[in-house]
Amino acid sequence: MVHDMIISSVFAVVQALAMLALSPLMIGVIRKIKAWFQGRKGASIVQPYYDMAKLFRKETVVSDQASWVFRVTPYVAIASVMVAALLVPFFTIYSLGFVGDLIVVIYLMTMFKFFMVLAGLDTGSAFGGMGSSRELMVSSIVEPTMLLAIFTMALITGTTNLSSISETLAISGIDLVRPALFLATAAFFISLLAENARVPFDNPSTHLELTMIHEAMVLEYSGRNLALMEAASWMKLMLYSVILSNVFFPWGIATDLTVLGMIGGIAAILVKVLFVAIAIAIIESGMAKMRLFRLPNLLTLSFTLALLAVTSYYIL
Amino acid sequence: MMPGPMNELVEDLPSILASSVVSSSLEANHLQIEVRKDALAGMAAHMIGHCHAWLISEHAADLRERDGTFHIYVIFALPKGDGIITVMSKVDGSDPSYRSLTPDIYAANWFEREMMEGFGLLPSGHPDLRPLRLYDSWPSGVYPMRKDFDPSVPVPRVPTGYEFRHVEGEGIFEIPVGPVHAGVIEPGHFRFSVAGEPVINLEVRMGYVHKGIEKLSESLPYPRGVMLSERISGDNGFTHSLAYCQAIESIAGADVPERARYLRTAFSEMERIYNHMGDIGGIALDTAFGVGAQMAYVLRERMLSLNERITGSRFLRSVNCIGGVRKDIDMSGKRSISTELIGLKLDFDDLVGMMTEMPSLLDRVETTGMLSDDAAKNLNVVGPIARASGIDRDTRRDHPYAAYKDLSFSVPLYREGDVYARMMVKIEEVLESISLIEQAMDRMPEGQLCAKVVDVQAGRIGMSLTETHRGEAMHWVMSGEGRPWRHKVRDPSFLNWPAIEVAVMGNIVPDFPVINKSFNLSYSGNDL
């Protein structure tokens, strides 16, 4: 038992660090694919690493109007995503799932968001406040959707531990595939776009302050603080993609400690995350951003999907 | 031209106005009426209300050295036929005030504020006399456009403030945006009053790029004035300098060679195409549709490099000169233009097909930023913005210059007044421009490029209207000794900026950038 916990802890740390290390690459890949669609060469896929290195070297300016909330938020942000990462299976099913289940993961993310919203308001800039209010409008619908979607998986597998969900699904294979799985995947994917400020909810590459949601909240950050906020946001996208991959389609994940299983697990998760990145890039290239007040329509749709997923579990 | 109706216009004046006419004269299509200063507002209201004329400009000239008065010129264009009416009034230098036109003609608002700060001419009855362009710390009583103002002496700074329109109420917040923006764009301040997301009020504050163009022009000999006019608003340098050149040519009575007229037409349209491409791309970019934006920017870049291959300048600088043009288009140039345009048209059709058939984009642009027909008329907007709000005006057709008279083109007209309509007007204008260039290439006669213009008599007035990609630009020159005595520039943006405040009303804050982009107004042209 203790032996298992030690193995799980080691893997959890390794996997969390691997996700952190790969998250800028995922951003780079999305940007590259978008550039191809736009007929541009685009920056190298490792550009986000350079950006990160640059930001860490830059001076940090903090408004004299800002309180401790503003200063502490970058650390809360990076800490909450890293703790959440420990609870999520990456290439193996081993994680610290026995410490906290999916509800903890979701609310660690919410803590990140909560502090970011406060930080947006804290400096008193007009844009930060707008970003904060919009973020909360979006997240008030996204949060229940996401919970419902993952609960569907919990219902199918009979556990709320993310690792156990992956394991159960991966081992029992096709037997557990139900319509609910696909409905929940769709709902979760829409939530992923909304939570990570992607088109059609937000435009990650815009310079227009008036249209921003996520970017407006971090507008006042600079230097190291900005680097941490950016890293946390990238990590968040990675984390959601991994949850999407491993909770909804865990096949391929390493369920034992064999070398072959590990290699297969690494290959599988990389392919799955790449697939998510491509899907995001295609959506961002193929459609315009929605009007702010149309967002609830799409979000309600995703909530309905999640609700249907839960209901269909009992009916079908 | 049409002397009949123009003469009748003076004869048909109501007796109360007729009695105040000091003199009137008709030259070609230009009717000039001098009225006593107390009748200026009435006469102007008559022109708009009775003759349905469009206000082109209202500006002043300082002629105190000559006759001790300021002259106020109010210029109108008749809606039908190529008729221009100038109503002039003298205002005594010792009592520089007159009755404001703004209560009757809303579009005169900014013109009178401009005259107030430039010349110190007080429009009595004007509702809003805050400065328009000069910075907050400009001392009162110093009027830079007066002849006795010495630009070489620094002006002392007096700390004052600027009062924005203030909206109060529960949950109403102000959002100050600018003058420094996140993108590489010009400076301007936007003050929003919002209730949540919906915009209750927007006030646009301009003046951050005021360069004193009009004053500077008074010190530059005509040929250098051409260079200056190219720099009034960088992306319509050609049409602006064309208007300046035509104004000087009309004073000198110069006969511009036919070939030069066709070349000017072709270059004007080349300028329009690259600008419209940028605008269309901008609308796509602001709705986060990057693919469409990049396609449009590629086409814009192709036009710019074509400009460079043909004239040596991507932005068609130094092409115009007084009397004609400097750059010719030879046979190989013609070939390269027509090949480029064919390819451009094909790729543009792809882009248009994609943008007009994409539901997510259409959802963003339709019904966004509506400028109603009525508001557009009252605000006297010009260009594609007017044509998207159902106003059928195009200087190229209504007051033809260069070779437009001999070419055929249609003027796209939409009535919706939203971002979609403005986008469609620009899209259709690109296609018309391509056809115009091809026609100009086909019909261009051989001949000289530039007529010699030596004798520009002093004390005469020349005026010219051209259609930039933003709408009608006016250059009005009163000649002096080898340089303008007074040079008035009216960029289309000067008329269109107030319209943006109206169009944004009731929209939500995140839709402002795409509305602003669909207007795409010039800050520099407005601030002069």
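## Report on a predicted two-chain model

With 15 C-beta neighbours inside 10 Å, Gly93(B) counts as partly exposed; a residue is buried if 20 or more other C-beta atoms lie within 10 Å of its own, exposed if 12 or fewer, and partly exposed in between, with C-beta atoms placed from the backbone. This is a predicted model, in which local features need pLDDT of at least 70 and side-chain atom pairs count only at pLDDT 80 or more, while totals for chains, interfaces and linings use all residues. Residues are numbered from 1 along each chain as its sequence is written, and chains are lettered from A and ligands numbered from 1 in the order in which they are written.

Gly93(B) is placed in the loop between S5 and strand S6 (97–99) of chain B. Helices (H or I, at least four residues) and strands (E, at least two) are DSSP runs, numbered from the N terminus. Leaving aside neighbours within four places in sequence, Gly93(B) is in contact with Arg64(B), Gly68(B), Thr69(B) and Phe70(B). Two residues are in contact if their C-beta atoms, placed from the backbone, lie within 7 Å.

Thr69(B) also stands opposite Asp92(B) in S5(B). S4(B) and strand S5 (residues 84–92) of chain B pair in the antiparallel sense over nine bridges; two strands pair if DSSP finds at least two bridges between them. S4(B) and S5(B) form a hairpin with six residues between them, and Gly81(B) in the turn has a positive phi of about 80°. S3(B) and S4(B) likewise run antiparallel, joined by nine bridges, and Ala60(B) stands opposite Ile72(B) in S4(B). Eight of the nine residues of strand S4 (residues 69–77) of chain B are buried, so S4(B) is largely enclosed by the rest of the structure.

**The two domains of chain B**

The domain assignment of chain B gives domain 1 (3–124) and domain 2 (213–527); such bounds come from an automatic or database domain assignment. The C-alpha centres of domain 1 of chain B and domain 2 of chain B lie 28 Å apart. Eleven residues of domain 1 of chain B are in contact with 16 residues of domain 2 of chain B. Strand S3 (residues 54–63) of chain B gives the largest share of the domain 1 side, six residues. By class, this side of domain 1 of chain B has eight nonpolar, two polar and one charged residues. Ala, Val, Leu, Ile, Met, Phe, Trp, Tyr, Cys and Pro count as nonpolar, Asp, Glu, Lys and Arg as charged, and the others, Gly among them, as polar.

Eight of the eight residues of helix H18 (residues 512–519) of chain B are buried, so H18(B) is largely enclosed by the rest of the structure. The buried residues include Phe512(B), Ile515(B) and Phe519(B). The buried residues of H18(B) pack against helix H9 (258–286), helix H12 (359–365), helix H14 (383–388), helix H16 (419–443) and helix H17 (492–504) of chain B. Just after H18(B), Asn520(B) takes a positive phi of about 35°.

Met463(B) is found in strand S13 (residues 461–468) of chain B. With 22 C-beta neighbours inside 10 Å, Met463(B) counts as buried. Not counting residues up to four places away in sequence, Met463(B) touches Ala247(B), Met474(B) and Trp476(B).

| Pair | Apart in sequence | C-alpha to C-alpha |
|---|---|---|
| Met463(B) and Pro510(B) | 47 residues | 41 Å |
| Gly93(B) and Val298(B) | 205 residues | 55 Å |

With 316 residues, a compact globule would have a radius of gyration near 20 Å, and the 19 Å of chain A agrees; the radius is taken over C-alpha atoms, and the globule rule is 2.2 Å times the number of residues to the power 0.38. The C-alpha trace of chain A spans about 55 × 40 × 40 Å along its principal axes. Buried residues make up 51% of the 316 residues in chain A.

Chain A averages a pLDDT of 89, and 100% of the residues score at least 70; pLDDT is the predictor's confidence in each residue, from 0 to 100. In chain A, confidence is highest in helix H2 (residues 47–57) of chain A, at a mean of 95, and lowest in helix H6 (residues 162–172) of chain A, at 86.

The contact between the chains takes 24 residues from chain A and 25 residues from chain B. Helix H1 (2–37) and helix H5 (126–157) of chain A are the elements that give two or more residues to the side of chain A that touches chain B. By class, that side of chain A has twelve nonpolar, seven polar and five charged residues.
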